[in-house]
Amino acid sequence: MRLMLTVFAMYCLISGGRSWGASSCTEPPKPEMPSATADSREMEQAGTEINTYIKKMGAYRECLLKMVTDADNELALVVEGWNAAVDRLKQRQRGGRQER
C-alpha cells in the first residue's frame, strides 16, 4: 500500500511538471508565403521569416520530444510500481497468508 501511495505521489509530481512543460511548448506561427508577384525585397524578407520559423520549429520539436520522453519515463514508473505490487501479492499468497 505504501508503494502505491509513493507511486501515486510521484505520478502527481511528474504530471504537474509535465503540465507545466506542455504550456512551455509553443508551436510557432507559420510564416506567410510570398505572393506570385513578390519582388526581391519581399522574397528576402520572406526568406528571413522562413529561416526564423525553421529555428523556432526545431526548438518546438525538441520540447515535444522531451515531453514524450517524460511521458515514457512516467509510464515506466507506474508499470514498475504495479509489477512490484503484483509480485508482493503473489509472494504473500505463496506464503499462505494474505495481508489486508
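Residues 24 or more positions apart account for 78% of the contacts in this protein chain with a separation of 6 or more. The model you are looking at is predicted, and its chain contains two helices and zero strands. Here is a friendly tour of the fold, its surface and the links between side chains.

**Overall picture**
- Of the 100 residues in the protein chain, 14% are buried.
- The chain has an accessible surface of about 8400 Å², and carbon and sulfur atoms contribute 59% of that area.
- Helix 1 covers residues 2-24, and a loop lies between it and helix 2.

**Helix 2 from end to end**
- Helix 2 takes in residues 40-94.
- With 55 residues at 1.5 Å a residue, helix 2 should span 81 Å, and the 80 Å between its end C-alpha atoms agrees with that.
- The buried residues of helix 2 are A46, Y53, M57, Y60, C63, E74, G81 and A85.

- C25 sits in the loop between helix 1 and helix 2 while C63 belongs to helix 2, so the bond ties together parts that are 38 residues apart in sequence.
- The torsion about the S-S bond of C25 and C63 is about -85°, so this disulfide is left-handed.
- Both partners are buried: C25 has a relative accessible area of 12%, and C63 has 19% relative accessibility. The C63 value counts as buried because the cut-off is under 20%.
- As a reminder, a disulfide is a covalent bond between the sulfur atoms of two cysteines.

- P29 is another residue of the loop between helix 1 and helix 2.
- P29 is exposed, at 68% relative accessibility.
- Y53 is on the list of buried residues in helix 2.

**The salt bridge**
- Searching the whole structure turns up one salt bridge.
- The partners are K66 and D70, whose closest N and O atoms are 2.8 Å apart.
- Side chains of opposite charge can pair when their charged atoms come close.
- K66 and D70 are four residues apart in helix 2, so about one helical turn separates them.
- An α-helix has 3.6 residues a turn, so residues three or four places apart point the same way.
- The two partners fall into separate accessibility classes: K66 is exposed at 52% relative accessibility, whereas D70 is partly exposed at 27%.

Definitions and conventions:
Residues are numbered from 1 along each chain as its sequence is written. This is a predicted model: local features need pLDDT of at least 70, side-chain atom pairs count only at pLDDT 80 or more; totals for chains, interfaces and linings use all residues. Side-chain values use heavy atoms; hydrogens and water are left out. A salt bridge is a side-chain nitrogen of Lys or Arg within 4 Å of a carboxyl oxygen of Asp or Glu. Buried means under 20% relative accessible area, exposed over 50%, partly exposed in between (1.4 Å probe, protein chains only). The expected span of a helix is 1.5 Å times one less than its number of residues. Contact means heavy atoms within 4.5 Å. Accessible areas come from the Shrake-Rupley method with a 1.4 Å probe; for residues, only the protein chains shown count as cover. A disulfide is a pair of cysteine sulfur atoms within 2.5 Å.
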